[in-house]
Amino acid sequence: MQDRIDRAQLPPGVLKLSRKLASAGYEAWIVGGCIRDLLLGRAASDWDVATNATPTQVQRCFRRVVPTGIQHGTVTVLDGSESYEVTTFRGEESYSDGRRPDRVHFVDQIDADLARRDYTVNAIAYDPVHDRFADPFDGRRDLLQKTLRTVGIPAERFGEDGLRILRGARFCATLDFELESETEAAFEGALANFRRVSRERVRDEWLKAMKSNKPSKAFEVMRRTGILEITLPELLDQCGCEQNRHHAFDVWTHTMRTLDLCDASPTERMAALLHDIGKPQTRARSEKTGDWTFHNHESIGAQMADRWLRDYRFSSDERAQIVHLVRHHLICYTPEWSDAAVRRFLQRVGPTHIEPLLRLARADVLAKGRPVDQELDALQELRLRIEQERSANSALNVQDLAINGKDVMRALGSRGGPEVGRALRFLLDCVVERPELNEREDLLRTLTSADPSRFGLK
């Protein structure tokens, strides 16, 4: 952690804006997460400025100002292609909806403004004009000690905005901090208020947590404080859910390890979090070996994931990718697979999903906690064989065939309809098995020699 801020680290527009306010006789403080991140030596963004100037006075200082949240004291100053939020020092009164203050009032001092913020590490302000800090709640000390502590009384802060406990869990992961004991103890009493938080806000916090080095820290906090019981209780069924002899951990611990090892996009990490969600529901003893089995857990898990992702308002693209990865995450490759089997696998998964799936599969294997060299070698061999098929431009969908629907209609004497699609899929199956058949004449010969009833023709 650094104990000062080099003004060269600040965007020129922020310095220009701050100096303009100071030259007009007002204070200008950079506040929030950007100061926290700068002190931690991290890249900073979202440059917000707090001032004792009223919104009207700020508007007089700058040519281009947008009244984005003027009812709460916030305007946006435009500088070329950049924009900066400038907010008047304010206090807040009562939060009847558990999210927004019912009323705000302007205050004169930066310390009073910082008193309304959630955690001490987010309640540090820096004046770039006079090179000074405002840190009335010892946020810099907590940064040094890697401690997450609320500003003031935890129950009061959490009563103002129910999302703050989930933000706390997320900060534990993104900052690699630990919750201060009194702060964590107050989570339980805030759960009722947390239930009022919109699912969109919950989704956004989960996706932000996925950008950390160890997202599992956030989910461990959620597990032990009751947040997960509200948001996705099915995950809690994994705790203590023993696995088969190939795993050293229960399903929960394995899932957390997979999540951390899957160093990928937030969407892929969501798939890692949900990949074994179907295991507790499908666990059974094998009559033959006496070991645990989880038959069809990937399909059931995909259905469970799809429902939850819909409920929490993930986009259609995000949901489709996550569900697809969960459904196909169980790769049972062996060197005995034929080339056609590799092509069928590639066809089933889809070329655009192969790399994310192999990344998830590798993390899944590594998270078992047992010797896995053989499984890793098998995944690498599968990757190489997939690359060979890609290099050969193997046909994987009907668009890759050397004939099209019109050719099929002419060959079958059809006017179109479902039979054309069935015929094309039949030809694709033939080509997947024997790629050399993907020539126009060979396909037409194969089509006309087949039993027409298989396409629905008499």
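Author: Asp 131 is partly exposed, with a relative accessible area of 35%. On this scale buried means under 20% relative accessible area, exposed means over 50%, and partly exposed lies in between, with a 1.4 Å probe and protein chains only. The model is predicted, so local features need pLDDT of at least 70 and side-chain atom pairs count only at pLDDT 80 or more, while totals for chains, interfaces and linings use all residues. Residues are numbered from 1 along each chain as its sequence is written, and side-chain values use heavy atoms, leaving out hydrogens and water.

Asp 131 sits in the loop between β8 and β9. Strands here are DSSP runs of E with at least two residues, and helices are runs of H or I with at least four, numbered from the N terminus. The phi of Asp 131 is positive, about 50°, although this residue is not a glycine. Most residues other than glycine have a negative phi, and most peptide bonds are trans. Asp 138 is another non-glycine residue with a positive phi, near 60°. Its place is the loop between β9 and α5 (139-145), and Asp 138 is partly exposed at a relative accessible area of 37%.

Two strands count as paired if DSSP finds at least two bridges between them. Strands of a sheet pair through backbone hydrogen bonds, either parallel or antiparallel.

Strand β8 (residues 125-127) runs antiparallel to strand β1 (residues 28-31), and two bridges join them. Within this pair, Ile 30 stands opposite Tyr 126 of β8. Contact means heavy atoms within 4.5 Å.

At the β3 end of the order, the pairing is as follows. Strand β3 (residues 65-69) and strand β4 (residues 74-79) run antiparallel and are joined by three bridges. Val 65 stands opposite Val 77 in β4. These two strands form a hairpin with four residues between them, and in its turn Gly 73 has a positive phi of about 85°. β4 also pairs with strand β5 (residues 82-88), in the antiparallel sense and over six bridges. Here Thr 76 has Glu 85 of β5 as its bridge partner. The hairpin of β4 and β5 has two residues between the strands, and Gly 80 takes a positive phi near 65°. In a regular strand the side chains alternate between the two faces of the sheet.

Arg 117 is buried, with a relative accessible area of 15%. Leaving aside residues up to four places away in sequence, Arg 117 touches Val 31, Asn 122, Ala 123, Val 151, Arg 157 and Arg 164. Its C-alpha atom and that of His 353, 236 residues apart along the chain, are separated by 42 Å.

Cys 34 is buried, with a relative accessible area of 1%. Cys 430 is buried too, at 18%. A search of the whole structure finds zero disulfides, a disulfide being a pair of cysteine sulfur atoms within 2.5 Å.
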